[in-house]
Amino acid sequence: INDIKDGPEQPLTADDERYVARVTSPITGVSNNIRVCIRVRPPNQRELDGGASNIIVKKEGATKVRVQGPTNDPKDFNAFVYDVVLQNATQPEAFEAIGVEVVRAVYHGFNATCFAYGQTSSGKSYSMVGKLSGAELGEHSGMLPRVGKLL
């Protein structure tokens, strides 16, 4: 984040305009006290080089994941339900699904928190910060720079 320098304000893109419209729309009747989201990343090169070919977490619908058990028997699995499930999602897709709603809550005067939890090398820093490319948002910019720009 220290690489981001003050500079001329960037013009709004079509996506930015759409996000602003969502953020400024009224919040009505729906409780968003706590939302639990999961982002499943693809195997990285080190895992592929080590022979990890089986994907053990599979998205089933918009809110459900299936975790394969240790036996690889198709009947040996656990299913979990979340508010949002993102599998192999890009940074903009993750922001669209999660970050815009966080900004919307703040805009309307509510406290909001978004944090990442998971084991080492699971993608927490990438999801939250991403790969910074100076003052401008890039394809790999994470949740924090995108939230900052939208605010």
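How many disulfides does the structure hold? The count is zero, a disulfide being a pair of cysteine sulfur atoms within 2.5 Å. In general terms, a disulfide is a covalent bond between the sulfur atoms of two cysteines. Cys37 takes part in no disulfide, and the nearest cysteine sulfur to it belongs to Cys114, 7.4 Å away. Seen from Cys114, the closest cysteine sulfur is that of Cys37, and 7.4 Å is too far for a bond. Cys37 counts as partly exposed because its relative accessibility is 28%, on a scale where buried means under 20% relative accessible area, exposed over 50%, and partly exposed in between (1.4 Å probe, protein chains only). Cys114, at 30%, is partly exposed too.

A word on the model itself. It is predicted, so local features need pLDDT of at least 70 and side-chain atom pairs count only at pLDDT 80 or more, while totals for chains, interfaces and linings use all residues. Residues are numbered from 1 along each chain as its sequence is written, and side-chain values use heavy atoms, with hydrogens and water left out. The mean pLDDT (the predictor's confidence in each residue, from 0 to 100) is 83, and 87% of the residues reach 70 or more. Among the elements, helix H4 (residues 124-128) has the highest confidence, with a mean of 92, and helix H2 (residues 45-49) the lowest, at 81. Residues 1-5 have pLDDT below 50, and this stretch makes six contacts beyond near neighbours in sequence, where contact means heavy atoms within 4.5 Å.

As for the overall layout, the protein has five helices and five strands. Helices (H or I, at least four residues) and strands (E, at least two) are DSSP runs, numbered from the N terminus. Read from that end, the order is α-β-α-β-β-β-β-α-α-α. The protein has 151 residues, 21% of them buried. Of the contacts with a separation of 6 or more, 54% link residues 24 or more positions apart. The accessible surface is about 10,500 Å², with 54% of it on carbon and sulfur atoms; these areas come from the Shrake-Rupley method with a 1.4 Å probe, and for residues only the protein chains shown count as cover.

Next comes the sheet. Three strands form an open sheet in the order E2-E3-E4, with antiparallel pairing; two strands pair if DSSP finds at least two bridges between them. Strands E2 (57-60) and E4 (77-81) are at the edges with a single partner strand each, so one side of each has no neighbour in the sheet. On average, neighbouring strands here are turned by 25° against each other, direction ignored. Strand E3 (residues 64-68) is joined to E4 by five bridges, and Val65 has Phe80 in E4 as its bridge partner.

Asn78 also sits in strand E4. Its relative accessibility of 48% makes this residue partly exposed. Leaving out residues up to four places away in sequence, Asn78 touches Val65, Arg66 and Val67. Asn78 and Arg66 are 12 residues apart in sequence, yet 5.8 Å apart in space, C-alpha to C-alpha.

Over in helix H4 is Ser127. Is Ser127 buried or exposed? With a relative accessible area of 16%, Ser127 is buried. Its contacts, apart from neighbours within four places in sequence, are Arg39, Gln91, Gly142 and Met143.

Key: Axes fitted to C-alpha atoms, helices over the stretch in contact; angles between N-to-C directions.
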